[in-house]
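Morning, everyone. Please look at it first.

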Amino acid sequence: MKHSQDYPLKARPMIGLEDEYPAGFVDPRHCHAHAQFLYACAGVMSVVTPQTSFVIPPQRAVWLPAEMVHEVSCRGAVSLRTLYIDPLYDTDPNSCRVLEVSDFLKALVLEVVKFPAEYDLEGREGRIVHLLLDEIRRMPSAPYHVPMPTDPRLVRLCKAIIANPADHRDIDALSSLIGMSRRTFTRAFKQELGMGFALWRQQVRLMAAVSLLAAGRTITSVALEVGYESPSAFTAMFHRAFGEPPSAYASR
């Protein structure tokens, strides 16, 4: 994955990069001196920070503040477009967020990533960059994240569940896997994340489902891939969580 240190801003408010990554690609924990706007115009990626795990389907992007440690993994082949942005333009430098990407914003991103590193700030390119910054600020946030623990044992387990939401092992098996008793595991999980493990895993599955539906997968294949025994069980859970069936979400 290309990083901002390889492409200095050189007194520009942002630079844009484009790249292609294969299924299974992982960019290990790292951070950047600049804010980062990660957008996959095709494919689904997950982004994990010390506090939160995000699932990013097409038509969504994640904003990462400067110096935010994160890890990026590609669930399938991903066409990535990245903007590195001067932190001066970050209106909320303490939080990550998933943003909706309108057709207009997408068009601006696809244009900016083709600019040379030393584009003309006073000409057409500079005006487009500032328009792009305005559009990013206008985009609403989207609920595609789950909290992450800080205990290294729980972090290891949570990453494994995020990588494989269909994992059916129960609390006894999972707590034993990381060297914790069931009681210690359940207590620590709730203390760190404010919810029980079952609810957290349900949220992981729902977020994975949303990303797969956005990528055009059928409801049946999504239900099985995220760990539900039948499409009807998955549909019932999705409806309770989002107030609409997955078919309505997929069609929208």
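Start at S46, which stands opposite S73 in β7. Strands here are DSSP runs of E, at least two residues; helices are runs of H or I, at least four residues; both are numbered from the N terminus. Before going on, the ground rules. This is a predicted model, so local features need pLDDT of at least 70, side-chain atom pairs count only at pLDDT 80 or more, and totals for chains, interfaces and linings use all residues. Residues are numbered from 1 along each chain as its sequence is written, and side-chain values use heavy atoms, with hydrogens and water left out.

Back to β4. β4 and β7 pair in the antiparallel sense over four bridges. Pairing means that DSSP finds at least two bridges between two strands. β4 also has β5 as a partner: four bridges join them, and they run antiparallel. The link between β4 and β5 is a hairpin through three residues. Within that pair, V47 has F54 of β5 as its bridge partner.

Which way do the residues of β4 point? M45 and V47 go one way, S46 and V48 the other. In a regular strand the side chains alternate between the two faces of the sheet. All four of those β4 residues are buried. Buried means under 20% relative accessible area, exposed means over 50%, and partly exposed lies in between, with a 1.4 Å probe and protein chains only.

Now S53, in strand β5, residues 52-56. Is S53 buried or exposed? It is buried, because its relative accessible area is 3%. What does S53 touch? Leaving out residues up to four places away in sequence, the list is V47, V48, Y144, H145, V146, M148 and I162. Contact here means heavy atoms within 4.5 Å.

I162 and S46 lead us to the pocket. The largest pocket has a volume of about 420 Å³. Of its 23 lining residues, S46, C74, R75, I162 and A163 are the closest to the centre. By class, the lining has 12 nonpolar, six polar and five charged residues. For the classes, Ala, Val, Leu, Ile, Met, Phe, Trp, Tyr, Cys and Pro are nonpolar; Asp, Glu, Lys and Arg are charged; the others, Gly among them, are polar. As for the term itself, on a 1 Å grid over the protein atoms alone, a pocket is an open set of points with protein on both sides within 12 Å along at least five of seven lines, and lining residues have an atom within 4 Å of a point. The volume is the space filled by probe spheres set on the points.

Next, β8. How many of its eight residues are buried? Eight. V78, L80, T82 and Y84 are on one side, with S79, R81, L83 and I85 on the other. Eight bridges join β1 to β8, antiparallel, and E20 has S79 as its bridge partner. β3 and β8 pair over seven bridges, also in the antiparallel sense. There, L38 stands opposite T82.

On to helix α2, residues 124-138. At 1.5 Å a residue, its 15 residues should span 21 Å, and the end C-alpha atoms are 21 Å apart, so the two agree. The expected span is 1.5 Å times one less than the number of residues. Buried in α2 are G126, I128, V129, L132, L133, E135 and I136. These buried residues pack against β1, β3, β6, β8, β9 and α1.

E67 is in the loop between β6 and β7. Its phi is near 70°, a positive value in a residue other than glycine. Most residues other than glycine have a negative phi. E67 counts as partly exposed because its relative accessibility is 49%.

A166 is in the loop between α3 and α4. A166 is buried, with a relative accessible area of 17%. Beyond four places in sequence, A166 is in contact with R205, L224, E225, V226 and G227.

How values were computed:
On a 1 Å grid over the protein atoms alone, a cavity is a set of points where a 1.4 Å probe fits but cannot get out, and a pocket is an open set with protein on both sides within 12 Å along at least five of seven lines; lining residues have an atom within 4 Å of a point.
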